[in-house]
Amino acid sequence: PHEKSAENSKDTIRKCSAVIAEVSIPSHGVGIEVGWADSFGIPVIFIFRKGSGISGSLRFVSRDFLEYDKVENILPKLEEILHKIP
C-alpha cells in the first residue's frame, strides 16, 4: 500500500484522532507505526484474535486492548472504546 500512496504513513498517522492496530501477528511495520502514533500523543487501540500471543511491550503504549473471536464482534466493542477518546 505504501508504494501506491502519495503520502507516507507517518504523515497520515500524524493527522489521526486514534490509531487501531491489529496485532495478532507480529509485524515490524505495525510496530513502527504504533511507535509514531505514541510519540505524537495519538491514542492507540490494539485488536487481536483470541489466543494470539501478543507482545507484552504493547502495554507501554496503550491500555485499550480488544480481544475478538469473530471479526463481526469487533465493531460494537471498538465503538465503546472510541467514544471514550476525547
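**View 1. Ser62 and what it touches.** Leaving out residues up to four places away in sequence, Ser62 touches Val44 and Phe46 (contact means heavy atoms within 4.5 Å). This is a predicted model, where local features need pLDDT of at least 70 and side-chain atom pairs count only at pLDDT 80 or more, while totals for chains, interfaces and linings use all residues. Residues are numbered from 1 along each chain as its sequence is written, and side-chain values use heavy atoms, with hydrogens and water left out. You'll find Ser62 in the loop between β2 and β3 (strands are DSSP runs of E, at least two residues, and helices are runs of H or I, at least four, numbered from the N terminus). Ser62 has 9% relative accessibility, so it counts as buried (buried is under 20% relative accessible area, exposed over 50%, partly exposed in between, with a 1.4 Å probe and protein chains only).

**View 2. The polar side of Ser62.** A polar atom of the Ser62 side chain sits 2.4 Å from the backbone oxygen of Val44. The backbone nitrogen of Asp64 is 2.9 Å from a polar atom of that side chain. (A polar contact is a pair of N or O atoms within 3.5 Å; within protein, one must be able to donate a hydrogen and the other to accept it, and residues adjacent in sequence count only if both atoms are side-chain atoms.)

**View 3. The open sheet.** Three strands line up as β1-β2-β3, with parallel pairing (two strands pair if DSSP finds at least two bridges between them). At the edges are β1 (19-22) and β3 (64-68), each pairing on one side only. On average, neighbouring strands here are turned by 20° against each other, direction ignored (axes are lines fitted to C-alpha atoms, for helices over the stretch in contact, and angles run from 0 to 180 degrees between N-to-C directions).

View 4. Which residues of α3 are buried? They are Ile74, Leu78 and Ile81. Down the axis of α3, these buried residues fall within an arc of 60°, so they line one face of the helix (the arc is that of the directions from the helix axis to the C-beta atoms). Their cover includes β1, β2 and β3. On the other side of α3, Glu80 and His83 are exposed.
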